[in-house]
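Biologist: Please take a close look at one part of this structure. How is it placed, and what does it touch?

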Amino acid sequence: MLEKLRERLQAHRPRRLRLGLPEAAVLLPIVDRPEPTLLFTRRADHLNTHSGQVAFPGGKREPQDADLLATALRESREEIALPPGEVELLGQLSDVISLHGLRVTPYVGLIPPDLPLVPDLTELDTIFEVPLRLFLDDQRTHTDVIRVDGRDYFVPSYCFTQADCEGHIIWGLSAMMLVELLAEGFEMPISLFECPKGRLRYRPERRMPTP
């Protein structure tokens, strides 16, 4: 599975957005287990923005970052103590624009299992893994319909429940990145632009941030 993923992502040509917006980058860490998992973080409740939301490790580009991959790796080290040397880059996904006007570049990396990862509690509440099978089997709870500048995006929403929590909700920008990973990396018939079967939840219309 992971070898095919590597081949497909290396052949993928992600879309780059040439917009004068602040830059950010995230890492989608796939954990190399017999049943591979995808690693997520949960933003701390005390934060002013994105509090309580599930996200991938990452953040804004800093002047010392040589490029956006360096941003993703630096932020992953700072947020979850992931050593950059333990990340095998598999590929890059298309840029997405966050609600707060950041141009976010996602990278997909493979990491070994059972690393001693530790969340930075000033930013995160927890780190957790979700089996890739949950996404490959399209176990969404519903689809968020998000209209941006008059165009509808059909964004899956997933709930992953652990023994010690009520459930982690994976939706929004992280789910949009997931759709491209599933479509391009695993050849899954999924798209942000086609209305799927099942329950739809309509979100408030948004306007694309302008530079």
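Modeller: Buried means under 20% relative accessible area, exposed over 50%, partly exposed in between (1.4 Å probe, protein chains only). This is a predicted model: local features need pLDDT of at least 70, side-chain atom pairs pLDDT 80 or more, while totals for chains, interfaces and linings use all residues. Numbering starts from 1 along each chain as its sequence is written, and side-chain values use heavy atoms, without hydrogens or water.

Of its 15 residues, 12 are buried, so α4 is largely enclosed by the rest of the structure. Among them are G172, S174, M176, L178, L181 and F186. From first C-alpha to last, α4 reaches 20 Å, close to the 21 Å expected at 1.5 Å a residue (1.5 Å times one less than the number of residues). E187 follows, with a positive phi near 55°.

L38 is in contact with both L178 and L181 (contact: heavy atoms within 4.5 Å).

Helix α1 comes next. K4, L5, R8 and L9 of α1 meet L181, E184, G185 and F186 of α4.

Conventions
Helix = DSSP H or I, 4+ residues; strand = E, 2+ residues; numbered from the N terminus. Lists of a residue's contacts leave out its neighbours within four places in sequence.
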